[in-house]
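Subject: Structure handover and notes

Hello,

Here is the structure you are taking over. My notes follow below it.

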Amino acid sequence: MARIIAVVLGLADCTPAGDDPRSVLTRAMLNRQGQPTLLAELPKLSVSATMALFGRNGDVQTWKSADGVSLSFLDGVLVSSRGLGADVMSADVSGTRAMLAGDGSARHIRLHSYLDGEYQPSIRASPTNWTASPCEKYL
């Protein structure tokens with residue numbers, strides 16, 4: 001099963017500015033959902049939203065919020081986003097996936113494709129050196 005690097009919760013709608021979804025949601029509400037959903041947070045923008053599983057394309061899962069923002073993950077690693085402004089159009093996450101599976105080096109190059117101000121693709125290569133850290137899990 002794919003590991004989602006995010007907090008798995010319930011409910012597919014946004015919370016009001018300043019409200020932490022963890023303070024609004026209850027276990028009973030989560031249980032009534034009957035489907036997996038996740039909580040996506042952008043701490044630099046002080047926003048968070050719960051997202052419902054919207055679709056699958058092979059091994060890629062796409063999650064969508066009530067306001068139309070979507071995030072797509074491959075084995076729990078972000079490969080694209082839509083509706084955030086500076087969206088990730090695509091990403092080569094093979095090194096990250098190998099590192100997470102314990103099959104690769106903790107050092108690798110991440111490649112992300114963005115659209116620039118003139119809607120032209122712009123590739124960003126980022127050398128990455130990972131160290132292991134425990135995952136957060138909220139139930």
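Ser72 counts as buried because its relative accessibility is 8%; buried means under 20% relative accessible area, exposed over 50%, and partly exposed in between, with a 1.4 Å probe and protein chains only.

On provenance: this is a predicted model, in which local features need pLDDT of at least 70 and side-chain atom pairs count only at pLDDT 80 or more, while totals for chains, interfaces and linings use all residues. Residues are numbered from 1 along each chain as its sequence is written, and side-chain values use heavy atoms, with hydrogens and water left out.

Around Ser72

Ser72 belongs to strand E5, residues 70–74. Helices (H or I, at least four residues) and strands (E, at least two) are DSSP runs, numbered from the N terminus. The side chain of Ser72 makes a polar contact of 2.7 Å with that of Thr62. A polar contact is a pair of N or O atoms within 3.5 Å; within protein, one must be able to donate a hydrogen and the other to accept it, and residues adjacent in sequence count only if both atoms are side-chain atoms. With neighbours within four places in sequence set aside, Ser72 is in contact (heavy atoms within 4.5 Å) with Val60, Gln61, Thr62, Val77, Leu78, Val79 and Ser80.

Gln61, one of those residues, sits in strand E4, residues 60–64. Gln61 is buried as well, because its relative accessibility is 15%.

Positive phi

Most residues other than glycine have a negative phi. Asp75 has a positive one, near 50°, and is in the loop between E5 and strand E6 (77–82). Asp75 counts as partly exposed because its relative accessibility is 32%. Tyr119 also has a positive phi, of about 60°, and lies in the loop between strand E8 (107–115) and strand E9 (121–129). With a relative accessible area of 66%, Tyr119 is exposed.

Rings and charges

Lys64 is placed over the face of Phe54, 4.4 Å from the ring centre. Arg124 is placed over the face of Tyr114, at 4.0 Å from the ring centre. A charge sits over a ring if NZ of Lys or CZ of Arg is within 6 Å of the ring centre and within 35 degrees of the ring normal.

Regards
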